[in-house]
Amino acid sequence: MDIRVYYSMNSDIQFIRETVFMKEQGFMNEFDEIDQHCSFVVLYIEDMPVATCRYYEEEGNWYIGRVCTLKEFRGHSYGTLVMQEAEKQLHDQTDRLYLNAQVRASYFYETLGYKKTDIISDDEGVSHVLMYKKL
């Protein structure tokens, strides 16, 4: 297993996100302008990219997003590992992190210490909740 941090989008990140969010979950608009100024964490198993997330600053706050693991690699804590690496990278930048979680996946983030707010948003018909964690 190898975890790498990238400072721009690459084909490994695109592959994971297209597979999970577009093909599996049906999102149409997976890539956005935020990707232009993100850093990315990618977890590899024997040189195959299997999990990723991005992190970025917006209006003075730091966010983690687009956390995903290829279906056949779920259940091995790879999502947790990419989240922990992003948190490690941001530890000296902020004392609070934010993310917009799919409501159906919010329990995963709660297990990592994130708390739900009352702010709910919609992304292509999927409800998301704003969450935060104090570092």
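Helix H2 (residues 78–90) has 13 residues, which at 1.5 Å a residue should span 18 Å, and its end C-alpha atoms lie 19 Å apart, which agrees; the expected span is taken as 1.5 Å times one less than the number of residues in the helix. Helices (H or I, at least four residues) and strands (E, at least two) are DSSP runs here, numbered from the N terminus. The model is a predicted one, in which local features need pLDDT of at least 70 and side-chain atom pairs count only at pLDDT 80 or more, while totals for chains, interfaces and linings use all residues. Residues are numbered from 1 along each chain as its sequence is written, and side-chain values use heavy atoms, with hydrogens and water left out.

Among the buried residues of H2 are Tyr78, Val82, Met83, Ala86 and Leu90, and the list also includes Glu85 and Glu87. Buried means under 20% relative accessible area, exposed over 50%, and partly exposed in between, with a 1.4 Å probe and protein chains only. An α-helix has 3.6 residues a turn, so residues three or four places apart point the same way.

Strand S3 (residues 48–58) runs antiparallel to S4 and is joined to it by seven bridges, two strands being counted as paired if DSSP finds at least two bridges between them. Glu58 stands opposite Asn61 in S4, and in the hairpin of S3 and S4, which has two residues between the strands, Glu59 takes a positive phi near 50°. Within strand S4 itself, Arg66 has a positive phi of about 50° although it is not a glycine. Most residues other than glycine have a negative phi, and most peptide bonds are trans.

S4 also pairs with strand S5 (residues 96–102), this time in the parallel sense and over two bridges, and Tyr63 has Tyr98 of S5 as its bridge partner. The chain crosses from S4 through H2 to S5 in a β-α-β crossover that is right-handed, a term used if, with the strands pointing away from the viewer, the path from the first strand over the helix to the second runs clockwise. In the loop between S4 and H2 lies Ser77, whose phi is near 70°, a positive value in a residue other than glycine; Ser77 is partly exposed, with a relative accessible area of 46%. Five of the seven residues of S5 are buried, so this strand is largely enclosed by the rest of the structure. Seven bridges join S5 to S7, the two running antiparallel, and Ala101 has Val129 in S7 as its bridge partner.

What lies between these elements can be followed through the largest nonpolar core, which has 41 residues and in which Ile64, Met83, Tyr109 and Tyr114 have the most contacts. Such a core is a set of buried Ala, Val, Leu, Ile, Met, Phe, Trp, Tyr and Cys residues joined through side-chain atoms within 4.5 Å. Helix H1 (11–24), strand S2 (39–45), S3, S4, H2, S5 and strand S7 (126–134) each supply at least two residues of this core, and S2 gives the most, with six. Tyr109, buried at 9% relative accessibility, touches Val67, Met83, Leu99, Ala101, Tyr114 and Met131, not counting residues up to four places away in sequence; contact means heavy atoms within 4.5 Å.

The structure holds five aromatic pairs, where rings of Phe, Tyr and Trp (its six-membered ring) pair if their centres lie within 6.5 Å, planes under 30 degrees apart counting as stacked, over 60 as edge-to-face and the rest as tilted. Tyr56 and Tyr63 form a stacked pair, 5.5 Å centre to centre with 15° between the planes; Tyr56 is buried at a relative accessible area of 8%, and Tyr63 counts as buried at 13%. The rings of Phe108 and Tyr109, by contrast, have their centres 4.9 Å apart and their planes at 70°, so this pair is edge-to-face, and Phe108 counts as partly exposed at 26% relative accessibility. Tyr56, Tyr63 and Tyr98 form one aromatic cluster.

Finally, Glu110 lies in helix H3 (residues 106–111) and counts as partly exposed at 34% relative accessibility. Leaving aside its neighbours within four places in sequence, Glu110 is in contact with Lys116 and Met131.
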